[in-house]
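Visitor: I would like to go through this model term by term and hear what each label rests on. Please set each value against its cut-off.

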Amino acid sequence: MSKAIVGMIPFAIGLVGIGVAIWWSLSREMALGRWLLGGCLVAHGLVHLLFFVPAPAQATGGAEWPFDLSRSWLVTGAGLDDGAVRLVGMALVVVVAAGFLLSGLATVGVLVPSGWWPVLVAASAVASALTLALFFDPQLVLGLGIDALLVWVVLASVWTPAAAVSS
C-alpha cells in the first residue's frame, strides 16, 4: 500500500468520527448537528479550492500533490487540449465551492431556503465527483466517498433541513 494511502487512514477515521457525531446529533434533532453538517459541506467545497493552489515543494519520499488541474486522464487518454480541460476543471471547482457554500447555508437556514437543500447538495456532490474523477489521484478517494454518501442522503431522503424544521 502506498504511503499516501496509508497516510489518509487517520483522516478517514476522523471523517467517520465527525460523521457519527453529525448523525447522532441530527437523529436527536439537535441544532448542533445542522451546524456541523453545514460546516462540513462548506469545508468539503473549500477543499476543492486547493486545485488553485500551486503544489508545495515535495519532500523526499512524500506523496505527490493530488490537486493538479494539469494532470487528467482525459487529456492524456483522449488527446484533448490540456488548456480546455484545465478551464473546465477550474469552472467545476468554482461550481463545487459555491454549491457547497450554498448547501451549508441552506442546512442551517441562513440566506438560502432550506427547501433548496436537496438540489444544492446533490448537484454539488455530482460536480465534485466529476471534478475528482476528471483529475483523479488515489488520495482523492475520500472526497469521492463523501460525494457518494451525500448523494445517497439526498436520494434516500435520509434527512433534510426542511423536514427537521417541520417536525
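Visitor: What makes arginine 71 and aspartate 68 a salt bridge?

Guide: A salt bridge is a side-chain nitrogen of Lys or Arg within 4 Å of a carboxyl oxygen of Asp or Glu. In arginine 71 and aspartate 68 the closest N and O atoms are 3.7 Å apart, and the pair forms a salt bridge. This is a predicted model, in which local features need pLDDT of at least 70 and side-chain atom pairs count only at pLDDT 80 or more, while totals for chains, interfaces and linings use all residues. Residues are numbered from 1 along each chain as its sequence is written, and side-chain values use heavy atoms, with hydrogens and water left out.

Visitor: How many salt bridges does this rule give?

Guide: The count is two. In the other listing, aspartate 137 forms a salt bridge with arginine 71, the closest N and O atoms being 3.3 Å apart. Aspartate 137 lies in the loop between helix H6 (117–134) and helix H7 (141–155), and arginine 71 in the loop between helix H3 (31–47) and helix H4 (73–78), so the pair ties together parts that are 66 residues apart in sequence. Through shared partners, Asp68, Arg71 and Asp137 are joined into one network.

Visitor: Why is aspartate 137 called buried?

Guide: Buried means under 20% relative accessible area, exposed means over 50%, and partly exposed lies in between (1.4 Å probe, protein chains only). Aspartate 137 has 9%, so the residue is buried. Arginine 71, at 26%, counts as partly exposed, and so does aspartate 68, at 22%.

Visitor: What share of the chain counts as buried?

Guide: Of the 167 residues, 32% count as buried.

Visitor: How do you know what counts as a helix, and how many helices are there?

Guide: Helices (H or I, at least four residues) and strands (E, at least two) are DSSP runs, numbered from the N terminus. By that rule the chain has eight helices and zero strands.

Visitor: How do you know that the length of H5 agrees with its number of residues?

Guide: The expected span of a helix is 1.5 Å times one less than its number of residues. For the 27 residues of H5 (residues 82–108) this should give 39 Å, and the end C-alpha atoms are 39 Å apart, so the two agree. H5 is followed by glycine 109, with a positive phi near 70°.

Visitor: What sets leucine 111 apart in its phi?

Guide: Leucine 111 has a positive phi of about 70° although it is not a glycine. Most residues other than glycine have a negative phi. Leucine 111 is placed in the loop between H5 and H6 and, at 80% relative accessibility, counts as exposed.

Visitor: Why are H3 and H5 called roughly antiparallel?

Guide: Axes are lines fitted to C-alpha atoms, for helices over the stretch in contact, and angles run from 0 to 180 degrees between N-to-C directions. Angles under 35 degrees count as roughly parallel, over 145 as roughly antiparallel, 65 to 115 as roughly perpendicular and the rest as oblique. The axes of H3 and H5 cross at roughly 175° and come within 7 Å; H3 and H5 are therefore roughly antiparallel.

Visitor: Which residues does leucine 41 contact beyond its neighbours within four places in sequence?

Guide: Contact means heavy atoms within 4.5 Å. Leucine 41 is in contact with Phe100, Ser103, Gly104, Thr107, Trp117, Val121 and Leu150, leaving aside those neighbours. Leu41 is also among the H3 residues that meet H5.

Visitor: What makes a nonpolar core, and which residues have the most contacts inside the largest one?

Guide: A nonpolar core is a set of buried Ala, Val, Leu, Ile, Met, Phe, Trp, Tyr and Cys residues joined through side-chain atoms within 4.5 Å. The largest has 26 residues, and Leu41, Phe51 and Trp117 have the most contacts inside it. H3, H5, H6 and H7 are the elements that give two or more residues to this core, and H6 gives the most, with seven.

Visitor: Is glycine 33 buried or exposed?

Guide: Glycine 33, in helix H3, has a relative accessible area of 0%, so the residue is buried. Its C-alpha atom is separated by 4.9 Å from that of isoleucine 22, 11 residues apart along the chain.

Visitor: Why is tryptophan 23 called exposed?

Guide: Tryptophan 23 is in helix H2 (residues 9–27). Its relative accessibility is 56%, so tryptophan 23 counts as exposed.
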